[in-house]
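This briefing goes through one model, topic by topic. Please look at the sequence and the structure first.

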Amino acid sequence: MISISKKAWTWLALALAVMCAAPWLFTENQYLLRVFTLIIFWIGMSGCWNLMSGYTGYIDFGPVVYFGIGSYVTAIGMTKFGGSFFFCAPLAGIIAGIVALPIGAVALRLRGAYFAIATFAFAESMKQICLEFDRAFGVSLFEGSHGITLPISSFENIFFYYCILIVTFAVMMIHFWIEHSKYGLGLKAIHEAEDSAEIAGVNTMAIKLRAYIMSAIFIGILGGIEAYWITYITPSDVFNVHKTVQMVIMTLLGGMGTFFGPVVGASFLTILSEVLGTEFVENYLIMVGAIIIIIILIMPKGIVGTIKEKKNIRFI
Amino acid sequence: MEVMFQAIINGLLLGGVYAAYSAGFSLIFGVMGVVNLAHGELIMLGAYTTYWLFDLFHLDPYLTLPFSMAFLFLFGYLIQKFIINRVIEQPHIMSYILTFGIHLMVANIALKLWTHDFRTITTAYSGMNAAFLGVNIPYARLITFVLALLIIAFLWFFMNKTETGRAIRATAMDKEVARLMGVNIREIYAVTFGIGAAITGLAGSAIAPFVIIYPEMGLEYTIIAFCVVVLGGMGYMPGALWGGFILGLAQSFSATYLSAGISVAITFVILFFMLAVRPTGIVGKGLVGQ
């Protein structure tokens, strides 16, 4: 383990303290609390994607599948088996992780576009299975396209803020660990030159599989929390390919394979879409498309990556 | 027995349709390594070209094919020349995300211009079937099937028998050496994307008489094109036919004997196992690697 400076710990503790205290500054304004929750939610989601794809360079186009699995595990656990939320949400993460093991073991043997398409195919097929399972087998488990309505929670919005904050903070701690450990070096070596890394004695398969499962677990928990927060889920909603795309674009915008990439990208894009979405309801998606194209053309390394390159600053 | 024949015929016709609009995707991937996520939008634009020419000038849908081909060639050529060529030397992820941005822009501009109305083209011969040994064959699908074969034959001829085609193949094999031999790589890329877009637009026009046309139709076509091309072998042009037929038959059989909804799931399961077991496609001639 590479030693971590005291300064870095101080900054982390400070960041956590600010995030914990933040909602108390605007308890009156539920809208602001919601935007704030969305920001940390997307930091967590794009952080999970960054964990796997940002560091290793394996482009996962189907992370949303674990979000959907997490949502459904929580929803089915709570409605059909009467489990409590505090049991079901962690269970969602565990089941997402268990599913990720065989899928990752197969898909991670593929590279480049093939890996991207395989993960994408898996996500789409899970969506179709959730949609059609009940009708095909005559059971009542996933409820098809009607979706599942979860019991309405007695908790305030602020409860979900803290739930999501815990997960997001854990994801960011893993980033921190990756930036400062031999394991992280292994991930980066896969990105730079996988074959050379393998020859140098890095067990690349184990390393990337571990990253894939870790990201699946946290995405699953986030899915469980969001399902209980929204209280209504449908397959086309929780497996929506736009969730994947948002994770990818936020990370890319911030900077792939950097600690601050997901934070900057998710904050920027969430605020931008809040502003554009309310100001320009009709042209919003055209603008998002244009912004994506412009970012790729002028800042292919993302905001953090570009700053790093220009100033040669090392974060943390 | 008749049900099975009908399922086979449906599957083959569907496969032909799939092959028609996937060949361009395969071409673009094979030459440039770009997974074109705006592929469905090219189909959408082709279909709308046909719709508007039919609606405003009462042209027969099949007479609009040259127009949509020319329009989409220009569209593809310009997009590659001025946008995608700028990131072509960078990691491929850039081009995925760039084409996704193009997908969002094109689909939503189309939504703004043409609203969310579902549009269909009704001609004198729509809904007409050829009955043959108790099996029904819709004319419109049959024509598209023949067109698909023609598109792939044309592509094969173009790639193997013309000077530009040779330059394209050389670029796909080794772009540095091709450059040394005096091939203008960027121009070749632009022409390749133009041709890919043109045949995709052609396919879009050809399916217009029997599908519902709306601005957001693109994404599902992109997804099917993905599956078809992986099944047949990425970058291997006749593979689009193989992939199309396998997928068409699998869907038609599962829709006949199981349920229509589960057929889509079966598609993806086939795709996933195909990638895991045989990523070079069913005939093993696809490109693998980065």
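Is B:His58 buried or exposed? B:His58 is exposed, with 7 other C-beta atoms within 10 Å; exposed stands for 12 or fewer such atoms, buried for 20 or more and partly exposed for counts in between, with C-beta atoms placed from the backbone. The model is predicted, so local features need pLDDT of at least 70 and side-chain atom pairs count only at pLDDT 80 or more, while totals for chains, interfaces and linings use all residues. Residues are numbered from 1 along each chain as its sequence is written, and chains are lettered from A and ligands numbered from 1 in the order in which they are written.

**Positive phi in chain B**

- Most residues other than glycine have a negative phi.
- B:His58, although not a glycine, has a positive phi of about 55°, and sits in the loop between helix H2 (39–57) and helix H3 (65–82) of chain B.
- Helices (H or I, at least four residues) and strands (E, at least two) are DSSP runs, numbered from the N terminus.
- B:Thr115 is not a glycine either and has a positive phi of about 55°; its loop runs between H4 and strand E1 (129–132) of chain B.
- B:Thr115 is exposed, with 10 other C-beta atoms within 10 Å.

**Chain A overall**

- Chain A contains 13 helices and 2 strands.
- Its radius of gyration is 19 Å, close to the 20 Å that the globule rule gives for 316 residues, so chain A is as compact as a globular protein of that length; the radius is taken over C-alpha atoms, and the rule is 2.2 Å times the number of residues to the power 0.38.
- The C-alpha trace of chain A spans about 55 × 50 × 40 Å along its principal axes.
- Of the 316 residues in chain A, 48% are buried.

**Contact between the chains**

- The contact takes 35 residues from chain A and 37 residues from chain B, where two residues are in contact if their C-beta atoms, placed from the backbone, lie within 7 Å.
- On the side of chain B that touches chain A, helix H4 (92–114), helix H9 (218–232) and helix H11 (260–277) of chain B are the elements that give two or more residues.
- H4(B) gives the most to this side, with 14 residues.
- The residues on this side of chain B divide into 27 nonpolar, 8 polar and 2 charged; Ala, Val, Leu, Ile, Met, Phe, Trp, Tyr, Cys and Pro count as nonpolar, Asp, Glu, Lys and Arg as charged, and the others, Gly among them, as polar.
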